[in-house]
Amino acid sequence: MSFPEQSALEALAARVGAALLAEHLMLATAESCTGGWVSQCLTAIAGSSAWFERGFVTYSNAAKQEMLGVAEATLAAHGAVSQPVAVAMAEGALRHSRADWAVAVTGIAGPDGGSAEKPVGTVCFAWAVRGGATTTETRHFAGGREAVRAQSAACALAGLIERLTPPAEGLLA
């Protein structure tokens, strides 16, 4: 199973950084199954302190509640791996930081922990902007633990690029 190399992840992170820097914006991360990998990719970029504000690694439900303010009722109703929890994580990262944007990742990297409803490789994402809408996505990645985590980091970064970069104008004109 092929998955993104670290150099490819850092190339995505550099694009995120360039987009944030161009608009004088700051980013926070809220990570569970990636364990800080998204933040590591971002801080591998020289000068990232100009646009990366902080990262939260909230692996346990207690950490999600204590550090990000995720409601116990949300965790109980939907489970840690769900879009509602991803939204609460991203919005909590904004509330508990000075960032303008936040990305959240929560999933099941395996090899254990999956179910029929949420198999290993299920990962939920949320991208939140201060004063704007929060968007979500759920993906199902193949491969072992490292592959799921690497693909999750890539998806989180690519989702930021998609949301931070204006669509190219005049391509079809």
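Helices α1 and α6 pack with their axes 9 Å apart, at an angle of about 25°. They are therefore roughly parallel to each other (angles under 35 degrees count as such). Their crossing is left-handed, meaning the near helix is turned anticlockwise from the far one by less than a right angle. Axes are lines fitted to C-alpha atoms over the stretch in contact, and angles run from 0 to 180 degrees between N-to-C directions.

The residues that make this contact (heavy atoms within 4.5 Å) are listed here.

| Helix | Contact residues |
|---|---|
| α1 | L9, L12, A13, R15, V16, A19, L20 |
| α6 | A150, A153, A154, L157, L160, I161, L164 |

By class, the contact of α1 with α6 has 13 nonpolar, no polar and one charged residues. Here Ala, Val, Leu and Ile are among the nonpolar types, and Arg is one of the charged.

This is a predicted model; local features need pLDDT of at least 70, and side-chain atom pairs count only at pLDDT 80 or more, while totals for chains, interfaces and linings use all residues. Residues are numbered from 1 along each chain as its sequence is written, and side-chain values use heavy atoms, with hydrogens and water left out.

Helix α6 covers residues 145-164. Its 20 residues reach 29 Å from first C-alpha to last, close to the 28 Å expected at 1.5 Å a residue. Of these 20, 14 are buried (under 20% relative accessible area), so α6 is largely enclosed by the rest of the structure.

Two loops hold backbone features. H24 lies between α1 (6-22) and β1 (27-31). Its phi is near 60°, positive in a residue other than glycine. H24 is exposed, at 71% relative accessible area (the cut-off is over 50%). P111 sits in the loop between β3 (101-107) and β4 (122-129). The peptide bond from G110 to P111 is cis, with omega near 5°. Helices (H or I, at least four residues) and strands (E, at least two) are DSSP runs, numbered from the N terminus.

Technical notes: Expected span 1.5 Å × (residues − 1). Buried < 20%, exposed > 50% of the residue type's maximum accessible area, 1.4 Å probe, protein only. Parallel < 35°, antiparallel > 145°, perpendicular 65-115°, else oblique.
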